[in-house]
Amino acid sequence: MTDETSEKYKWVDAVVRLIELTREGKLLWKVESEAQTPFDLERASAVFSTEHDRQKLRLYAIKASIGYRMETYQETKTILDVVNEKGERLWSFPDVVALSSLLETVGYQVSGMSSFLKNINRESEAIVNL
């Protein structure tokens, strides 16, 4: 394994661990309603934040235009930043595929979808048992 490949796996492993902590409820995220990001006009998701190991993290998606052979395509890119107390970006995680899974997991947690599904399924069961 090359040093470059090893370096990339290090970041994938870190993001996968954030996904696990989020799923386990050990890492709680919130929506930053007034968040300022470097890409405010191109945002494709809510902005989420959390704190882990004394690092404040900010997660969001942007729409990016990609030019290829005289055509332009829209792509969504997920960004995970380390920010300071003022919300200013200090550093960004490298672009790894696992970031989109983290965004999906965080959205699921913050939306309360787990409770919603339990409640709606309970209602369905009650109707069937009438």
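Start by selecting helix H1 (residues 3–23) and helix H2 (residues 98–111), which pack at an angle of about 15 degrees with their axes 9 Å apart. H1 and H2 are therefore roughly parallel to each other (angles under 35 degrees get that label). The axes are lines fitted to C-alpha atoms over the stretch in contact, and angles run from 0 to 180 degrees between N-to-C directions. Helices here are DSSP runs of H or I with at least four residues, strands are E runs of at least two, and both are numbered from the N terminus.

Before you go on, keep in mind that this is a predicted model, where local features need pLDDT of at least 70, side-chain atom pairs count only at pLDDT 80 or more, and totals for chains, interfaces and linings use all residues. Residues are numbered from 1 along each chain as its sequence is written, and side-chain values use heavy atoms, with hydrogens and water left out.

Now show the side chains between the two helices. On the H1 side, pick Val 15, Val 16, Leu 18, Ile 19, Thr 22 and Arg 23; they meet H2 residues including Leu 99, Leu 102 and Val 106 (contact means heavy atoms within 4.5 Å). Color the contact of H1 with H2 by class and you get 8 nonpolar, 4 polar and 1 charged residues. Nonpolar covers Ala, Val, Leu, Ile, Met, Phe, Trp, Tyr, Cys and Pro, charged covers Asp, Glu, Lys and Arg, and the others, Gly among them, are polar.

Next stop: Thr 50, in strand S2 (residues 48–52). Is Thr 50 buried or exposed? Thr 50 counts as buried, at 7% relative accessibility (buried is under 20% relative accessible area, exposed over 50%, partly exposed in between, with a 1.4 Å probe and protein chains only). Look for its side chain reaching the backbone oxygen of Leu 28 at 2.7 Å. Leaving out residues up to four places away in sequence, Thr 50 touches Leu 27, Leu 28, Trp 29, Gln 55, Lys 56 and Leu 57.

Slide along to Asp 53, in the loop between S2 and strand S3 (55–68). Asp 53 is exposed, with a relative accessible area of 57%, and its phi is near 50 degrees, a positive value in a residue other than glycine. Arg 54 lies in the loop between S2 and S3 too; it is exposed at 75%, with a positive phi near 65 degrees.

Finally, zoom out: the protein chain has 3 helices and 5 strands, in the order α-β-β-β-β-β-α-α.

Note on methods. Parallel < 35°, antiparallel > 145°, perpendicular 65-115°, else oblique. Polar contact = N/O pair within 3.5 Å; in protein donor to acceptor, adjacent residues only side chain to side chain.
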